[in-house]
Amino acid sequence: MTGKVFNIQRCSLHDGPGVRTTVFMKGCPLRCAWCQNPEGLTHETSVMYDQRKCISCKTCADKSRVDGAEVCPAGALVAYGKDYTSDDLVKLLLADADFFGSTGGVTFSGGECLLQSDFVLECTKMLSEHNISVAIDTCGAVDFSNIEKLIPYAKLFLYDIKTVNEEQHKKFTGMSNRTILENFEKLYDSGAKIWVRIPIVNSFNTDEKDIQDIKAFLDRFPNIEKIETLKYHELGLHKYEMLGRDYTLGDEALVSDGDFEKIKALLNKN
């Protein structure tokens with residue numbers, strides 16, 4: 001079986017417990033205004049162009065963007081999206097096993113990794129045979145069957161809850177959150193281990209009512225293991241420029257350190 005990956009990040013400390021290798025799968029059903037990985041949104045290979053590195057050598061002339069990235073001597077064109085067989089990817093991931101220790105492992109992320117759920121399942125089963133712990137980082141915007149098939153094998157689900165306000169969710173992600181919230185309840189009821197992740201984006205979900213509503217929703221699920229708040233930043237802005245895409249958010253989306261700490265404390269208050 002083959003899957004399309006746009007990045008493999010080793011020694012990650014932010015995608016689950018311990019030291020992990022994170023596999024970023026191509027494709028996502030959402031179009032979050034703050035997305036930090038726009039190169040992962042489509043299933044097709046994406047090419048970034050960094051004008052600062054271009055030496056005007058014309059090596060890429062008369063070639064497609066992907067073919068041009070393969071021959072660019074200056075690294076001004078970079079392709080994101082590589083096909084792996086499950087055997088090849090698992091072999092690559094097993095090479096990192098010595099770094100995982102007793103708490104680390106592999107995290108499948110994206111994009112939305114469960115758009116390629118059969119491939120992720122096959123890899124997860126193979127990694128489990130080698131006692132490698134697997135975490136699934138998901139936005140939940142998929143048919144529940146794609147989540148359900150991973151429950152017996154994944155040790156942890158990192159689940160995004162961006163807002164419980166449906167209209168806000170549609171406005172900023174292009175999609176209703178109804179399926180996401182319903183899938184979360186089903187996943188929770190299965191007994192799976194869950195960390196909830198909440199991006200904190202000013203003008204999107206930082207009003208007092210927004211936060212209180214998120215907390216009221218999460219309070220219904222007392223066995224959530226952890227709630228992580230993720231502060232919005234603009235570190236992915238240059239990616240949009242290199243992809244030739246518009247970035248719709250500005251400084252108004254930034255959250256002050258003080259406000260972020262207050263929101264974090266409130267969401268984690270028992």
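1. Helix 8 (208–218) and helix 10 (residues 257–267) have axes that come within 10 Å and cross at roughly 25°. Axes here are lines fitted to C-alpha atoms, for helices over the stretch in contact, with angles running from 0 to 180 degrees between N-to-C directions. Helix 8 is therefore roughly parallel to helix 10; angles under 35 degrees count as roughly parallel, over 145 as roughly antiparallel, 65 to 115 as roughly perpendicular, and the rest as oblique. The crossing of helix 8 past helix 10 is right-handed, that is, the near helix is turned clockwise from the far one by less than a right angle.

2. The model is predicted: local features need pLDDT of at least 70, side-chain atom pairs count only at pLDDT 80 or more, and totals for chains, interfaces and linings use all residues. Residues are numbered from 1 along each chain as its sequence is written, and side-chain values use heavy atoms, with hydrogens and water left out.

3. On the helix 8 side, Ile-211, Gln-212, Ile-214 and Lys-215 meet Ile-263, Leu-266 and Leu-267 of helix 10 (contact means heavy atoms within 4.5 Å). The residues of this contact divide into 5 nonpolar, 1 polar and 1 charged.

4. Helix 2 (residues 86–94) and helix 4 (residues 117–129) also have axes that come within 10 Å, and these cross at roughly 45°. The two helices are therefore oblique to each other, and helix 2 passes helix 4 in a right-handed crossing. Helix 2 contributes Ser-86, Asp-87, Leu-89, Val-90, Leu-93 and Leu-94, which meet Phe-119, Glu-122, Cys-123, Met-126 and Leu-127 in helix 4. By class, there are 8 nonpolar, 1 polar and 2 charged residues in the contact.

5. Aromatic pairs number 9, counting rings of Phe, Tyr and Trp (its six-membered ring) whose centres lie within 6.5 Å; planes under 30 degrees apart count as stacked, over 60 as edge-to-face and the rest as tilted. One of them joins Phe-6 and Phe-24, with ring centres 5.7 Å apart and planes at 50°, so the pair is tilted. Phe-6 lies in strand 1 (residues 2–12) and Phe-24 in strand 2 (residues 20–25), so the pair ties together parts that are 18 residues apart in sequence. Both Phe-6 and Phe-24 are buried (buried means under 20% relative accessible area, exposed over 50%, partly exposed in between, with a 1.4 Å probe and protein chains only).

6. Phe-184 and Phe-221 form an edge-to-face pair, 5.0 Å centre to centre with 90° between the planes. Phe-184 belongs to helix 7 (residues 178–189) and Phe-221 to the loop between helix 8 and strand 10 (226–231), so this pair ties together parts that are 37 residues apart in sequence. Phe-184 and Phe-221 are both buried. They are part of one aromatic cluster with Tyr-159, Tyr-188 and Phe-217.

7. Some backbone points deserve a look. Most residues other than glycine have a negative phi, and most peptide bonds are trans. The peptide bond from Gly-110 to Gly-111 is cis, with omega near 15°; Gly-111 is in the loop between strand 6 (105–109) and helix 4.

8. Lys-58, not a glycine, has a positive phi of about 70°, and is found in the loop between strand 3 (46–49) and helix 1 (65–71). Asp-62 lies in the loop between strand 3 and helix 1 and has a positive phi of about 65°. Lys-58 counts as exposed at 64% relative accessibility, and Asp-62 counts as exposed at 85%.

Key: Helices (H or I, at least four residues) and strands (E, at least two) are DSSP runs, numbered from the N terminus. Ala, Val, Leu, Ile, Met, Phe, Trp, Tyr, Cys and Pro count as nonpolar, Asp, Glu, Lys and Arg as charged, and the others, Gly among them, as polar.
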